[in-house]
Amino acid sequence: MVGMTRPCLLASLVDLAVQMQRDADRPEAELHRRDRALVRPLEGGASSHRELLMAWLEGLRAGGEAMPGRSFSAACRVLVLSLAVLGLAIGWGAAAALFFYDGTRPVNVVHVLAVFVAGQWLLLLLLGIVMIPDRWARWIPGAGAVQETLALLSPGQLVRLAIRFVPRSARDRLAGTVASGAGNLLQFKKVWKWAVIFASQSFAVGFNAGALAACLYLVTFSDLAFSWSTTLEPDVEVVHRLTQTLSAPWSRWAPDAAPSADLIRETLYYRQTRPLSGAAPERWGQWWPFLAACMIVYGLVPRMVLLGLAGWRLHGSARRAFIEAPGVAVVLDRLTSEWVTTQAANPESKSPDRSGAVLEALEGSSLADGSPLCLVNWGGIEMSDEMLASRVGESWNRRIASVRHAGGRASIESDGRVIADIAAATGEPGVAVLVKSWEPPILEVIDFLRELRQAIGPGRILIIAPVALDPAGGLAPPRDADLGQWRKRLRSLGDPALVVRGWQEGETP
Amino acid sequence: MSLPVFAVVGHPNKGKSSIVATLASDDSVEIGPEPGTTTRCRRYPMVVDGEELYALVDTPGFQRARRALHWMKQHETSADLHADVARRFLEAHRGQDSFPDECELLQPILDGAGILYVVDGSVPYGEEYEPEMEILRWTGRPSLGLINPIGPADHIESWRSALGQFFKVVRVFNAVAAEFQKRVDLIRAFGQLNEEWRARLDRVVVSLEGDRRRKRRLSARAAAEALVEMLAHRVERRLPSDADTAAARPAIEEEFREDLRRFEQRARDIVEQCYSHRRIERREEALQLLDEDLFAETTWLRFGLSRREIMATGAMGGAATGAIVDAHFGGASMLAGTLLGAGIGATVGWWTADRLVTVKILDLPLGGKRLVAGPTRNASFPHVVFNRARYHHFLVSHRTHATRGDLILTGDRAHPMPALDKEDRAALEGVFDRLRKRRGEPDIVGRLAEVIERVFDKDE
């Protein structure tokens, strides 16, 4: 599309996956021809396989293939933004609830720390375990089990349950679609993993930003009182050590954001204590810098770092998947290999049968015993005239009156003379033409037989004897296939006095 | 540079179409024992990325060569004008009944094609061929004599000496048995006919060799995909908890066997398509299953829950309860409550899973038995499948397109391939081992395809 910018990597990856799926059932030759035609104009211009694949997808888009990558990518952006906004709202709401103060009970910093530090770090720990690559998880005790257990909690598991409640008619189709989607997910496992982490971290960043904003808003526009309270045995020293540890990252340059032991002691709140007694009024509000710093350092910053890391890894895994995902090698093979074809473009037309109408009863004609034969050596069968006459005469029990030569090296004029001589030799009622059985009955021999028949008239018997040669150079019976060819072809002449007989020792035609 | 075109000419029924079928890798060429199967010229261009590099033209055989030569001699003026006479012959007889085949076969030659004159080296030389060769000489085009021994007898030497008198280059080329390298050598030999064609024909050879390698790659991939699919395949049936599983086994086993056969046959089809064999009829023994017991029996539950999932759910519930106890002791219990709770929850989950299958809700059982056939565990099975694929590839890749008849992979001729060398055997066993142990690898098919391709390369 004119003016359309190149889609982002994730969009191209989706297009690639969809296109590979679409091509799965198409003939390889057809795909090869299409794809080479698309990328060949760029040959030498594409600096890498990635560029080549991008160009290929661009070519397909230009050719009218519907590609969902851009829409998918836009939907992802909307989703990530929505999650961030949702996180912002929930974070604001959570902070507003935890920092709620109506003058009766002070804000309990233990709740704030539990939700915005401990709770988030527990989730971060689980996320960290999920992020451990498979090859490392194998060596960390329990990591694999936790990963598997967390996978069971995936909302994706509900799909199987949902399918069971779909009408039977649509169930198989839906299951197929889900399986195909799962196949794609598996193919681009790492990409999806980082995409999901990126989306979840955008929610988490929103959540922490919302909570921090709410905290600062309430601190600025309302008068909050903080205390700490627990049912367990409260030990000021332990709590002080804990807050010191938590504030270690900023205590040097922001000492006010690290609560002192006195503040901790003074703001301890008991159930039976009268509200806000035991400390100066301004002391009850001095917890907020510590809480805000905790929310920034232990909530917002790690999530922002993770968001950045997930974005970087998402891009990296998408780049790698683009050229390394299963199936891409086959596409690249098509793009980089020449498309070679050597076959004829059109199917062969059926050749007409030249044998013509088959006439039966040709074999019925026979020659009276003892009558002389005129022999024609067609095509130069390599045997002397005497030998040929003697072998044929003895075998067929005939007198060979003459041996003549036609075809082969003989000239057309010479063939004409042979025909004239035979026509004149009326004392030789039969004419036998010996032909090489291994040579096909071409038009040249057919022409000769037609002319001979015309010259000798319809009454005289014409015997065509296909002969083979044995290794010693003697006459031998022809192969059935060769004899069959001669028979089929000569039948088309429709000559009732023409007989085709394969050479057979002692068999009289 | 003119496009190299070669007209394949000769006496009828001497294997011209077989030569073309083999060189063009086209099994649609009509090859028949009857003379005159080819009556019209048919062009077989070699096109690389849309560019035509050379072409073969199959032609009808000479039918009236002596008469045609007779005509030409009658119209001869001087030896240097022989080609003109041939052209005049064509003009005089085109579209008429007297010399349809001669006109058809001379047309591409007089248009500039080189001549490949084909004879059958298994039958004796005959003087009737001389007019044909003489006519071809009259055209003045570069020519090559090709002896194609169709039958078992050997008359090659007599043919070689006869053809040597008419053609500058004479080659023996068995169209049915020619291996790929011989086909390439022949195309290189075409380059000897005309210096101008040599560079382009060298490019043809490079492209053909590249294409051949690609065919091996695709075939190896198809074989690898089928193997991975076959080794992972399983057929599952859900039966009521009181069903007789022994009675259900034969039907499931048959379905499993049929699925494996389908995977294998699909790979066979792909390999044959890769090598442009579209008409092969295969005869192959059915694949035997080697597992003594292919079946595993477990239970299943509605809502997609497996026993493991129920166990995990129980463990998590138990752990959560135990964690509350731990919290009560302020951590002094050293997570004993959590661990104990998880253990108890898992055990209860495991025990409950078996009991749940018999529970009925609204008269529908909550679960039942699951009978699973496969995946096959036999260590020899992947080797058997691989050897079958290897032998099939060997036969297909070595089969010329002039060969007719079934592709036989059964009986005594099954799998007579040489043993693999040590390196390939180890690589193959490594991949099979991974497949057997279901150890995940992102592109196991690609890895296996690489090894198979290496074996196919060596078979070549």
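How many helices and strands make up the secondary structure of chain B? Here are some friendly notes on that point and a few others.

1. Chain B comes to 14 helices and 13 strands. Please keep in mind while reading that this is a predicted model. Of the 460 residues in chain B, 53% are buried. Among contacts in chain B with a separation of 6 or more, 75% are between residues 24 or more positions apart.

2. Chain A, for its part, has 18 helices and nine strands. Its 509 residues include 45% that are buried. In chain A, residues 24 or more positions apart supply 78% of the contacts with a separation of 6 or more.

3. Now to where the two chains meet. On one side, 59 residues of chain A take part, in contact with 62 residues of chain B. The size of an interface is often given as the accessible area lost when the parts come together. Between chain A and chain B, the buried area is about 5,400 Å², and carbon and sulfur atoms give 45% of that area.

4. The rule finds 14 salt bridges across the interface of chain A and chain B. To view a salt bridge here, go to Arg40(A) and Asp49(B), whose closest N and O atoms are 3.7 Å apart.

5. Which elements of chain A give two or more residues to the side that touches chain B? They are the helices α2 (28-39), α7 (143-152), α8 (157-164), α14 (328-336), α16 (412-424), α17 (443-456) and α18 (480-491), together with the strand β3 (340-341). Sorted by class, this side of chain A holds 22 charged, 20 nonpolar and 17 polar residues.

6. Strand β3(A) also pairs with a strand of the other chain. Its partner is β2 of chain B (residues 42-48), and the two run in the antiparallel sense over two bridges. Within β2(B), Val47(B) is the bridge partner of Thr341(A).

7. Finally, a residue inside chain B: is His392(B) buried or exposed? His392(B) lies in helix α12 of chain B, which covers residues 381-398. It counts as buried because its relative accessibility is 1%, where the cut-off for buried is under 20%. Beyond its neighbours within four places in sequence, His392(B) is in contact with Arg268(B), Val271(B), Glu272(B), Arg282(B), Leu407(B) and Leu409(B).

How values were computed. Residues numbered from 1 in each chain as written. Chains lettered and ligands numbered in written order. Predicted model: local features only at pLDDT ≥ 70, side-chain atom pairs only at ≥ 80, totals over all residues. Heavy atoms only, no water. Contact = heavy atoms within 4.5 Å. Buried area = accessible area lost by both parts, 1.4 Å probe. Salt bridge = Lys/Arg side-chain N within 4 Å of Asp/Glu carboxyl O. Helix = DSSP H or I, 4+ residues; strand = E, 2+ residues; numbered from the N terminus. Nonpolar A, V, L, I, M, F, W, Y, C, P; charged D, E, K, R; others polar. Pairing = 2+ DSSP bridges. Buried < 20%, exposed > 50% of the residue type's maximum accessible area, 1.4 Å probe, protein only.
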